[in-house]
Amino acid sequence: MAYYRTPHDVTQLPAWKALSQHRTAMQDFSMREAFKADPQRFNQFSLSGCGLFLDYSKNLITSETRDLLVKLAAEVDLNAAIKAMFAGEILNASEGRPALHTALRRPVGDKLSVNGTNIMPDVHKVLNQITELVTRIHDGLWRGYTEKPITDVVNIGIGGSFLGPELVSEALLPYSQKGVRCHYLANIDGSEFHELSAKLRAETTLFIVSSKSFNTLETLKNAQASRAWYLAQGGSEAELHRHFIAVSSNNAAAVAFGIREENIFPMWDWVGGRYSLWSAIGLPIALSIGMANFKELLSGAYTMDQHFQTAPFEQNIPVLLALLGVWYNNFWEAQSHAILPYDHYLRNITKHLQQLDMESNGKSVRQDGSPVSVETGPVIWGGVGCNGQHAYHQLLHQGTQMIPADFIVPVVSFNPVADHHQWLFANCLSQSQALMLGKTRSEAEAELREKGMAEADIQKLAPHKVIPGNRPSNTLVLERVSPRRLGALVAMYEHKVFVQSVIWGTNAFDQWGVELGKELGKGVYQRLTGGIEEPAEDGSTQGLISYFRGRHRG
């Protein structure tokens, strides 16, 4: 189970040095001219797999760029890293754990050993447990304290216990089962709890407390508030088990809360939170879309796992996207990456990918603790189109920064209205086209002359209408947002993030920075409530604590 290799300084590899030289040669590369010169450019830089179609022809690349990037992947021994992950070797060196989220979507007959034990029977045992619960609730057999069937399910969790399940259940809303509504409670802000509880009836609500440790502050506080609300609405301690279940590895704490042992779904330390929607953390997904569709989601992710393991790097979708990210992050000084879904149901994919990418690759040391020698993960941001076109796309088109973008769009809408979807798809394509083409000074001037504008006014206005162009983007097309295709899409981004961590030599599966704020928060809370009178470690924090306490006394 030893880690598969020692970290490297990627800048010392021959391919990295060749890419540095190539970047200088690409300084004046024009995508506009490249498309004119090569009628086959689209065919050369596009591919399909797992129900996805990727067009990456609108990038600052030539076939030589791709060849050099693929060589870089070979020189960091990416093949060995991929094999190590799927074999259950210890990729999370700082915590001494494998990263086996991919095991959660493997077929029942597979075998995979962790510490000498085949984990696949346990994986499918939990899947069967999920199936039984979902069936009981959908069939109206699970009843609340007044014997009415469950109509609302509230998932109490934060981070990976919230973002992934919310993304998938919303993205697959057209597949939702009648009779059960799913809600999410994540933030510790009391306003969120107030707004949600006002929509619910305790007698027909089931709460899922999703916390590996069963002591995550925000989740535990919201669970306690939900329990108090349930009791205040007429529920009893004796019937609490009808309304609360848990996904946790701390059975004792869950039982002490009032949850029955048989209603606790396990979590394993070889599944990180941001990779956990495929596990029992996905219970709200299964309750929303049904088990058949949940299994289709797993199946789609599994097909991407197979593609990732077997496709040559130059035809491997997650590997290519990862290498393009390295190309821009490390050789073009891009500091952020935009995710632009042109689908209402995918509106929350950016939030999930923010955590997936930034929590995984927001690292400044390599696996052995030595400082990284290059920039690591970019800022992930974006939002649903066409809304962004009337907001932040201006920065993409005419700002001073290069910001690569992923456009994600389905061919078919679940809810066609007149010609709306044709316009939506057209907007998606035209935005990526505008980023690539831009508008030259001469084109801006000619455009204004056609309108009959005076030459002096043209010279004043034309500079403002110039759009640099040559801005890179990928376009990911799905036939429609189905469970199988969505599973493949999310798994694709998981593998992209992992590939980049291998290249940079970092650990994609820990998050120690997240832990620091939790630790300090306890001391701040004690000072806010008077439990500790000694001042905070710095003047700013103490000043804000004093301000808060002064206002509350007033």
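**Salt bridges in the predicted model**

The structure holds 26 salt bridges, each being a side-chain nitrogen of Lys or Arg within 4 Å of a carboxyl oxygen of Asp or Glu. This is a predicted model, so to speak of local features takes a pLDDT of at least 70, side-chain atom pairs count only at pLDDT 80 or more, and totals for chains, interfaces and linings use all residues. Residues are numbered from 1 along each chain as its sequence is written, and side-chain values use heavy atoms, with hydrogens and water left out.

One of the pairs is Glu170 with Arg347, whose closest N and O atoms sit 3.5 Å apart. Glu170 belongs to helix α7 (residues 163-171), while Arg347 is in the loop between β10 (336-341) and α14 (349-361), so the bridge ties together parts 177 residues apart in sequence. Helices (H or I, at least four residues) and strands (E, at least two) are DSSP runs, numbered from the N terminus. Arg347 comes out as partly exposed, at 31% relative accessible area; buried means under 20%, exposed over 50%, and partly exposed in between (1.4 Å probe, protein chains only).

Helix α20 (residues 512-528) has a pair of its own, with Glu515 and Lys518 three residues apart, about one turn of the helix. Their side chains meet at 3.7 Å, N to O. Glu515 is partly exposed at 25%, and Lys518 is partly exposed at 42%.

Glu533 pairs with Arg549, with 3.6 Å between the closest N and O atoms. Here the loop between α20 and α21 (539-553) supplies Glu533 and helix α21 supplies Arg549, so parts 16 residues apart in sequence are tied together. Glu533 is exposed at 58%, whereas Arg549 is partly exposed at 22%.

Finally, Arg441, Glu445, Arg449 and Glu455 are linked in a salt-bridge network.
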